Amino acid sequence: MSTPLVSIIVPVYNVELYLEQCLESIIQQTFSNLEIIVINDGSTDNSFKIIKEFTNKDSRFILIDQENKGISFARNLGINNSSGDYLMFVDSDDWIAPNTVEVLLSKIYDTDLVACSYNRAYVGKEIPRIFQFTGNVSNVSFQRRLVGLINEELNDPSQIDSLVTVWAKLYKSKLIKDHKIEFISTKEIGTCEDLIFNLFYLEYCTNVYISNEPLYFYRKINLSSFTSKYKSDLFLLWKNLFNKLESLTKHKGNDFEIALNNRIALSIIGLGINELQNEKGFFAIYKNLRLILNNELYIKAYSNLQLKYFPIHWRIFFFCSKHRIILGVYLILLGIKFMINKNNEN
């Protein structure tokens, strides 16, 4: 049996502070038969220069330089230019353990997708993400889990997106290319392009292997991250996202419907944290939170949300959300934001 080729796709945009660590972690892999496709997505800092230094010293690199078109376009371009038997995605402000490719590759021969855990990397500390379930699972079970949490899974709402990412996973290239699976632009859905990609991929899988070994390092202190910029259209974009998720799952049964409703209900956390970045101040934030929670989509989601599964602090928060107690939602969101900032600083 010939040694497989693994293509690693790295989209890059203005990450000069973190890029060297990312690329160095890839070239130091214990499995060496790699094709490292780096897409410079119109960076205006020194990222392009750093990439060139790596391409000059390692022939495994393929550099693609383009105008800024967004992460989804960059990843799709990487897929189209890849020739590996397997595909991995690494974000350019993150890094991977030296044996990541070797470990994931050892598991994929008996399955169609391998996912590993990750460390959330803050300043001076790393916190491993422990998944709620591991081992071999069916594609349907994994799809449902990606759509949202149900029943006892709601004990830890922070798990909602713990498995939806495309990084920390190994894919079969043939499945992606044969079925023309692509990333949707975030200009259409705001975020969660990874979730949609994975749901499409899983349509053509039979089973998945999930490991709690944290091989990926997800940097949580990048100041260009989602929580640091206000997106005035995020609510509208996420409604597009939920409509797309509904169309993908409406024939899959009651658990999928519950999972999607719960995802919508829990999304007030992300929408609320986003609103706290609104420079127009308290009254604008209050108005927008009221607008969201009085939307028919959220009224329906909260009418079906089982509060009994949540820890007490989350139960209070979602009770306020369900009954549209806007000031309570606002004050608890301030506490959540404080904790996020504290973690980023420590």
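Student: In which loop does Ala 168 lie?

Tutor: In this predicted model, Ala 168 lies in the loop between H5 and S9. Its phi is near 65°, a positive value in a residue other than glycine.

Student: What makes Ala 168 count as buried or exposed?

Tutor: The relative accessible area of Ala 168 is 3%. Buried means under 20%, and therefore Ala 168 is called buried.

Student: Why is Asn 151 called partly exposed?

Tutor: Asn 151 has 36% relative accessibility. Buried requires a value under 20% and exposed a value over 50%. The value for Asn 151 falls in between, so the residue counts as partly exposed.

Student: Which residues of helix H14 are buried, and how do you know on which side of H14 they lie?

Tutor: Helix H14 spans residues 312–322, and its buried residues include Trp 314, Phe 317, Phe 318, Cys 320 and Ser 321. They cover an arc of only 150° around the axis, which places them on the same side of H14.

Student: What follows H14?

Tutor: Arg 324 follows H14, and the phi of Arg 324 is positive, near 55°.

Student: Why is Glu 275 said to have no salt bridge?

Tutor: Glu 275, found in helix H11 (residues 268–275), is buried. The nearest side chain of opposite charge, Lys 280, is 9.2 Å away. A salt bridge must be within 4 Å, so Glu 275 has none.

Student: Which residues does Glu 275 touch, not counting those up to four places away in sequence?

Tutor: Apart from residues up to four places away in sequence, Glu 275 touches Tyr 230, Ile 285, Asn 288 and Leu 289.

Student: What makes up the nonpolar surface patch?

Tutor: Phe 282, Phe 283, Leu 327, Leu 331 and Leu 334 make this patch of about 500 Å². The elements giving two or more residues to it are helix H12 (282–293) and helix H15 (326–345). H15 gives the most, with 3 residues.

Student: Why does Leu 331 count as partly exposed, and how does it qualify for a patch?

Tutor: Leu 331, in helix H15, has 48% relative accessibility. This value lies between the limits of 20% and 50%, so Leu 331 is partly exposed.

Terms used
Residues numbered from 1 in each chain as written. Predicted model: local features only at pLDDT ≥ 70, side-chain atom pairs only at ≥ 80, totals over all residues. Heavy atoms only, no water. Buried < 20%, exposed > 50% of the residue type's maximum accessible area, 1.4 Å probe, protein only. Helix = DSSP H or I, 4+ residues; strand = E, 2+ residues; numbered from the N terminus. Arc of directions from axis to C-beta. Lys, Arg positive; Asp, Glu negative; His and termini not counted. Contact = heavy atoms within 4.5 Å. Patch = residues over 30% accessible without salt bridge, like charges linked within 9 Å, V, L, I, M, F, W, Y side chains within 5 Å. Areas by Shrake-Rupley, 256 points an atom, 1.4 Å probe, with all protein chains shown as cover.
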